[in-house]
Amino acid sequence: MAEMRYTIKDSVFTYLMKQPEYARKLYLALHPEDTNVTEADCKLVTLENILTTGMYNDVGLQVRDMLILLVEAQSLFSINISLRLLMYLAATYKEYVEEHKLNIYGTAAVRIPRPELYMVYSGERVDVPEVLHLSDLYEGEGGVDLEVKVLRGTGNGDIVDQYVRFCQIADAKREQHGRTSQAIEETLRECIAGGILAPFLRAREKEVAEIMVTLFNQQKVMEIHDYHVALEAREDGLKEGRAEGRAEGRAEGRAEGRAEGRAEGRAEGRAEGHAEGRAEGRAEGMTDGALKVIRSLMKNMGLSVEQA
């Protein structure tokens, strides 16, 4: 099953960067010194599906044969983005090797584009690091590391800054109107009026609106799914709790039964001991009394115990 995106903006970002004009603008936002780059120099190498898991990366961009840019747009910060980008990079290089028929088992060095990895962060957290490393995820020294630069809105009006502003407006409208068509319409209207991705949104307004509606619906489906998962987990917890409670109850009952049995046994033993003691005492007392009577009679008759 294909991975559902967490927010509407990630898919809008992917769709935006599929346009050659905006792919070039993305590269220029990262490398403003390369003013001679053309749209033809920027080739999309975005992965469709990697590792048969249904995961898709946001943007892969190969510039000439010199550079591979992988850019992920995130509104929810995750430090694990470095590991995900490592997986995307490995898959991208695999496709590059196959496309160019590189002999990676030969003795001669093969030439590959250098990688640059970025995350465009549009969320509200202010303590997000400027750079992430794969080594953030493991302890000690490792033989592999990579660097992910975090991009945020800077107010300079480049394509990255405009995308972040689009995200902020979309968040505000969704907060105000919920996941509704009104939220989408007002997001597009305000962005176009404010010159935020305006040419793109004017030309692709219908497609962008459809993407946002689709992903709103996916979010609702995911919320329903999560709700039922929580219910099932609660029911499983209740069943396990009842089973554990019965087991504990049986164990406690046996322990209490043994304790009560010992207490009752001691009580009964004492009671029986008292009864037996009284009976034996009475018997011994009667025997002693009979002997005294016999001795008295014999004494009166002038007989001694030895003669008797």
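In which helix is the place of Thr14? In this predicted model, Thr14 belongs to helix H1, which covers residues 8–17. The residue has a relative accessibility of 12% and therefore counts as buried, since the cut-off for that class is under 20%. Along the chain, Thr14 and Asn57 are 43 residues apart, and their C-alpha atoms are separated by 8.7 Å.

With that starting point in place, the overall layout can be described. The protein chain contains seven helices and six strands. Read from the N terminus, the order of these elements is α-α-β-β-β-α-β-β-β-α-α-α-α. The chain has 308 residues, and buried residues account for 33% of them.

Strand S3 (residues 67–74) and strand S4 run parallel and are joined by eight bridges. One of the pairings can be traced residue by residue: Glu72 has Met119, in S4, as its bridge partner. Strand S4 spans residues 114–121, and six of its eight residues are buried, so the strand is largely enclosed by the rest of the structure.

The loop between H3 and S4 is where Tyr105 is found. Tyr105 has a relative accessible area of 76%, which is over 50%, so this residue is classed as exposed. Together with Ile104, Val110 and Ile112, Tyr105 forms a nonpolar patch on the surface. The accessible area of these four residues together is about 430 Å².

Charged side chains come next. Side chains of opposite charge can pair when their charged atoms come close. How many salt bridges does the structure hold? The count is twelve. One of them joins Lys43 to Glu99, with the closest N and O atoms 2.7 Å apart. This pair links distant parts of the chain, as Lys43 sits in strand S1 (residues 42–44) and Glu99 in helix H3 (residues 81–100), 56 residues apart. Lys43 is partly exposed, with a relative accessible area of 34%, and Glu99 is also partly exposed, at 44%.

Another salt bridge brings together the side chains of Arg174 and Asp171, at 3.2 Å from N to O. Here both partners lie in helix H4 (residues 159–177), where they are three residues apart, or about one turn of the helix. Arg174 has a relative accessibility of 24% and counts as partly exposed. A further salt bridge is formed by the side chains of Arg204 and Glu207, with an N to O distance of 3.9 Å. Arg204 is partly exposed, with a relative accessible area of 31%. Glu207 is partly exposed as well, its value being 29%.

Salt bridges also link Asp34, Asp41 and Arg64 in a network. For context, most residues other than glycine have a negative phi.

Leu197 lies in the loop between helix H5 (181–193) and helix H6 (198–203). Is Leu197 buried or exposed? The relative accessible area of Leu197 is 2%, so this residue is buried.

Gathered in it are Arg246, Arg250, Arg254, Arg258, Arg262, Arg266 and Arg270. Arg258, one of these residues, has its place in helix H7, which runs through residues 205–300.

Conventions: Residues are numbered from 1 along each chain as its sequence is written. This is a predicted model: local features need pLDDT of at least 70, side-chain atom pairs count only at pLDDT 80 or more; totals for chains, interfaces and linings use all residues. Side-chain values use heavy atoms; hydrogens and water are left out. Patches are made of residues with over 30% relative accessible area and no salt bridge: like charges are joined within 9 Å, nonpolar side chains (Val, Leu, Ile, Met, Phe, Trp, Tyr) within 5 Å. Accessible areas come from the Shrake-Rupley method with a 1.4 Å probe; for residues, only the protein chains shown count as cover. Lys and Arg count as positive and Asp and Glu as negative; His and the chain ends are not counted. The place of a charge is taken as NZ of Lys, CZ of Arg, CG of Asp or CD of Glu. Helices (H or I, at least four residues) and strands (E, at least two) are DSSP runs, numbered from the N terminus. Buried means under 20% relative accessible area, exposed over 50%, partly exposed in between (1.4 Å probe, protein chains only). Two strands pair if DSSP finds at least two bridges between them.
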